[in-house]
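Visitor: Before we look at this model together, I would like to ask about its fold, its cores and its ligand sites, one topic at a time.

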Amino acid sequence: MERTTVKFYQTGTFTVGNRLLAPHERSVQADRARTNSLNSGHRACQGCGEALGARYAIDTAMRATNNQLIAVNATGCLEVFSTPYPETSWQIPWIHSLFGNAAAVASGVAAAMHVQGRTDVRVVAQGGDGGTTDIGFGCLSGMFERNDDVLYICYDNEAYMNTGIQRSSATPGAARTATTPAVGGEPGNPFGTGKNVPRIAMAHGIPYVATASVADLHDLEAKIARAMEFRGARYVHIHVPCPLGWGSAPADTIKIARLAVESGLYPLFEALNGRVTEATKIRRPVPVTEYLRLQKRFAHLFGAKPDEARLALIQAIADRNILEFGLVDAPNPAPGPAPDQAPNREGAPA
Ligand SMILES: Cc1ncc(C[n+]2csc(CCOP(=O)(O)OP(=O)(O)O)c2C)c(N)n1
Ligand code: SF4
């Protein structure tokens, strides 16, 4: 009889890992307590990280509010694939705002609930990285500054996917998009640009900020539940791989999300009132090449002659995150230049 080696790698997955956990800690697709806020039948691509992240985030927010939740959705993939008029996959009160004003619309909904004395009804706003870090950024900052009672969730797939993969201010260095072609001396998105919106949210001093990933759905659920314990403005930034835009296999979505975390490129942390209080340690540090190699948007960095210089720049960003957030107890074994050579916003060594 042929035998396959079973790798007990991650607990809490739908596969073998679930059996290692107590029943109440296991991941479940469906149970009676689950609202299924984002129901089946929507038109997301196979393996869409955004659909998965939204389903878990909003179901958790529903649980935390005893189903008294209103969601505001910026224009973008999540809105388009879930609500092709006159159909919808949402099983909750849900409003489509404009592309750039989800935070402002959510503030208005929260104010209306306040005026009506409905303190039990809570408000979530959600959008992609384009709607959040670019066009919706002013409204978001205003929502933070007024400390409006809204949880804003950004599903970060690192480009404007709904309109055909254009660069956003969350697109990482060297990534190919429709507007950053993989040709020329510095192919792909240039280094030294980009905005770190979780940090900007922290700089507003709002009660709660967190980063999460579809790689760890338990952690994602815990952070959304925690966010709903607070009143005032809250922000959760969720890393959601996009097979179409990243040129990755749909079956690799979770693996890629996990490699982003384990390489140090996407640190998972929580911050209260502007200060980092928790950062998730990396269990198995990996070089960034393991993460990049699985995505065609970085294919020009590999090939017959790998672009070592640009790979080293990306590794340096991961190393800097690892140091800054204390993500590994032992020194990072991954190769790359010293953290003080990591590029700053201008692309020069910091
Ligand atoms: C003012 C305005 N400009 C442009 C558009 C077209 N548009 C709709 S969705 C979108 C991109 C959305 O990207 P993102 O927010 O990153 O979400 P994703 O689709 O990647 O989830 C654009 C450019 C629009 N609807 N409104
Ligand atoms: S393009 Fe990307 S974000 Fe949009 S539905 Fe497809 S996989 Fe999801």
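Guide: One term is needed at the outset: helices, taken as H or I runs of at least four residues, and strands, taken as E runs of at least two, are DSSP runs numbered from the N terminus. The coordinates come from a predicted model.

Visitor: Which helix gives the most to the shell around ligand 1?
Guide: The shell around ligand 1 holds 16 residues, and among them C77, G130, G131, M161 and N162 come nearest. By class, this shell is made of six nonpolar, eight polar and two charged residues. The helix that gives the most to it, with three residues, spans residues 129–134 and is α4.

Visitor: What percentage of the area that ligand 1 exposes when taken alone does the protein bury?
Guide: Polar contacts to oxygen atoms of ligand 1 include one from an N or O atom in the side chain of E50 at 3.0 Å, and another from a polar side-chain atom of N157, also at 3.0 Å. A polar backbone atom of M161 lies 2.9 Å from an oxygen atom of ligand 1. Taken alone the ligand exposes 590 Å², and the share of this that the protein buries is 72%.

Visitor: Which helices each supply at least two residues of the shell around ligand 2?
Guide: Ligand 2 is surrounded by A44, C45, C48, C77, F81, N157, M161, C242, P243 and L244. By class, nine of these residues are nonpolar and one is polar, while none is charged. The helices that each supply at least two residues of the shell, spanning 77–82 and 243–246, are α2 and α8.

Visitor: With which side chain does the side chain of S82 make a polar contact?
Guide: S82 lies in helix α2, and because its relative accessible area of 1% is under 20%, S82 counts as buried. Leaving out residues up to four places away in sequence, S82 touches L38, H42, C77, E87, T88, S89, W90 and W94. A polar atom of the S82 side chain also lies 3.3 Å from the backbone oxygen of E79. The side-chain partner, at 2.7 Å, is W90.

Visitor: Which element gives the most residues to the largest nonpolar core?
Guide: The largest nonpolar core has 34 residues, of which I58, I153, Y155, V236 and I238 touch the most other members. The elements that give two or more residues to this core are α1 (49–64), β1 (69–73), α2, β4 (150–156), β5 (208–213), α7 (217–227) and β6 (234–239). With seven residues, the element that gives the most is α1.

Visitor: Is E158 buried or exposed?
Guide: E158 is found in the loop between β4 and α6 (197–203). Not counting residues up to four places away in sequence, E158 touches D129, S168, A170, T171, P172, H239, W246, Y291 and R297. Because its relative accessible area is 9%, which is under 20%, E158 is classed as buried.

Visitor: Which residue, with a positive phi, follows α5?
Guide: Helix α5 covers residues 137–146, and its buried residues are L140, G142, M143 and F144. What covers these buried residues includes α3 (102–115), α4, β4, α6 and β6. The residue after the helix, with phi near 55 degrees, is N147.

Visitor: What distance separates the C-alpha atoms of A316 and V288?
Guide: A316 lies in helix α11, which spans residues 308–325, and A316 is buried because its relative accessible area of 0% is under 20%. V288 and A316 are 28 residues apart along the chain. Their C-alpha atoms are separated by 9.4 Å.

Visitor: What share of the contacts with a separation of 6 or more comes from residues 24 or more positions apart?
Guide: The chain has 11 helices and eight strands, and buried residues make up 50% of its 350 residues. The chain exposes about 16000 Å², of which carbon and sulfur atoms supply 55%. For contacts with a separation of 6 or more, the share from residues 24 or more positions apart is 68%.

Notes: Residues numbered from 1 in each chain as written. Chains lettered and ligands numbered in written order. Predicted model: local features only at pLDDT ≥ 70, side-chain atom pairs only at ≥ 80, totals over all residues. Heavy atoms only, no water. Near = heavy atom within 4 Å. Nonpolar A, V, L, I, M, F, W, Y, C, P; charged D, E, K, R; others polar. Buried < 20%, exposed > 50% of the residue type's maximum accessible area, 1.4 Å probe, protein only. Contact = heavy atoms within 4.5 Å. Areas by Shrake-Rupley, 256 points an atom, 1.4 Å probe, with all protein chains shown as cover. Core = buried A, V, L, I, M, F, W, Y, C linked by side-chain atoms within 4.5 Å. Polar contact = N/O pair within 3.5 Å; in protein donor to acceptor, adjacent residues only side chain to side chain.
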